[in-house]
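Me: I am new to this structure. Please show me how to read a few of its features.

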Amino acid sequence: MADGANPNPTPTTRQKAVPDWLNSPIWSAPTPRHRSPPRAPSPPPPPPPKPQRDPAPPPPPPPARPDGATSDSDSKNEAAATSSRSHLVAEFRVALERKVVDLAELRRIACQGVPDDAGVRPIVWKLLLGYLPADHALWAYELEKKRSQYSAFKDELLVNPSEVTRRMEMTTSKKKEHDSEGTGFLPRAEIVQDEHPLSLGKTSVWNQHFQESETVEQIDRDVKRTHPEMQFFNAVSSDALANQESLKRILTIFAKLNPGIRYVQGMNEVLAPLYYVFKNDPDQSNAAEAESDAFFCFVEVLSGFRDNFCKQLDNSVVGIRSTISRLSQLLKRHDEELWRHLEVVTKVNPQFYAFRWITLLLTQEFKFRDCIHLWDALLGDPQGPPDTLLRICCAMLILVRRRLLAGDFTANLKLLQNYPPTNIDHLIHIANKLRGLVPC
């Protein structure tokens with residue numbers, strides 16, 4: 001072979017389908033670390049890991065021999081992170097104290113993540129979802145109106161059929177009493193037509209009650225399985241039981257108000273982050289109204305994904321299969337080599353893993369606390385949750401591309417159905433890179 005000749009022309013050809021920035025090792029996740037045991041999500045994010053075990057009581061031990069430099073480096077990184085977090089908290093407070101909140105500015109800040117210790121996430125999410133208006137002066141009025149509306153929903157939709165029948169009988173009886181005045185006839189109680197437990201009438205509240213009982217039972221089963229590892233949700237205390245009852249009421253009311261969708265298994269997982277965030281609002285008056293606030297915000301979240309839950313639209317241009325196809329095309333556009341290996345070589349259909357990713361908004365792929373941070377970006381991104389979700393899903397594939405390119409059907413399917421722990425900030429950075437915009 002002559003000097004200067006290219007001994008291996010193949011890589012040059014392959015690079016055409018792979019953007020240059022993908023060749024950097026930072027886009028491939030390292031071998032996953034062991035999963036830590038489940039824990040309550042309430043504590044703030046842990047500080048960066050230190051290279052040596054911390055002794056139990058302070059003060060810290062004297063610097064170790066060669067590890068002193070590493071400890072100093074970690075201290076500097078931790079100090080920088082603390083400074084950045086403090087600056088971000090200050091930005092949030094300034095933005096939220098304006099008479100009219102600049103939603104574009106709030107979205108820009110929220111895309112960077114909402115600090116756990118700032119106590120502003122409940123208000124930020126309500127603003128991003130449109131539950132609260134931008135005008136600060138209207139907040140009290142809107143909250144009172146929405147909360148009263150939810151209370152009316154509970155009175156109307158969660159009442160026992162026997163109570164409905166009793167109310168109808170009382171109304172009918174009073175009308176007859178009024179009609180019989182001065183006629184000499186004594187009024188008599190009557191059972192309202194078609195309103196009895198054996199009625200098959202389409203408008204009968206009893207018939208509707210029995211038809212809806214299956215949905216209510218499914219909601220009850222799913223809610224009891226919602227994050228059983230978390231004390232906030234599992235039924236070992238009166239508070240946890242009260243939280244479960246709130247989730248059940250929200251999902252039941254949603255199902256009754258949306259007969260075209262009703263309840264779809266897994267909606268409880270989408271509702272859980274909203275209710276958790278609002279119930280842990282530092283403002284106790286708002287925390288007490290978490291159920292009503294979570295209901296309306298849940299409706300807002302699902303409004304952008306409504307068609308994914310409608311079975312009749314599965315095969316339409318707006319259904320879940322079309323959404324999964326858009327994810328496939330997005331991956332092909334950004335990383336054709338990975339797309340071809342997954343779908344052509346190993347024949348891993350994206351529906352095998354992406355269906356759960358998309359319909360549950362990634363709530364089952366990461367730890368609950370990480371999911372909360374991911375939703376900061378999902379709700380805050382100016383492109384909207386549906387498009388942002390697809391970019392994040394595509395970024396998840398790219399982040400583990402080296403392992404996927406080295407894997408076969410079985411290995412890749414197992415990897416994607418059990419996504420490894422990852423740095424959420426890094427994942428969001430990759431998703432923004434796919435859009436060509438990285439917020440500063």
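Reply: Start with burial. Buried means under 20% relative accessible area, exposed over 50%, and partly exposed in between (1.4 Å probe, protein chains only). Helices are DSSP runs of H or I, at least four residues, numbered from the N terminus. The model is predicted: local features need pLDDT of at least 70, side-chain atom pairs count only at pLDDT 80 or more, and totals for chains, interfaces and linings use all residues. Residues are numbered from 1 along each chain as its sequence is written, and side-chain values use heavy atoms, with hydrogens and water left out.

Me: Which residues of H19 are buried?

Reply: They are Ile 424, Leu 427, Ile 428, Ile 430, Ala 431, Asn 432, Leu 434 and Arg 435. Their cover includes helices H12 (320–334), H15 (368–380) and H16 (385–399).

Me: What is in contact with Phe 278, beyond its neighbours within four places in sequence?

Reply: Contact means heavy atoms within 4.5 Å. Phe 278 touches Pro 122, Trp 125 and Lys 126, among others. Phe 278 sits in helix H9 (residues 267–279). Phe 278 is buried, at a relative accessible area of 0%.

Me: How should I read phi?

Reply: Most residues other than glycine have a negative phi. Lys 347 is not a glycine, yet has a positive phi of about 55°. Leu 362 also has a positive phi, near 65°.

Me: Where is Leu 362, and is Leu 362 buried or exposed?

Reply: Leu 362 lies in the loop between H14 and H15. Leu 362 is buried, with a relative accessible area of 1%. Lys 347 is exposed, at 58%, in the loop between H13 (336–345) and H14 (351–359).

How values were computed:
Helix = DSSP H or I, 4+ residues; strand = E, 2+ residues; numbered from the N terminus.
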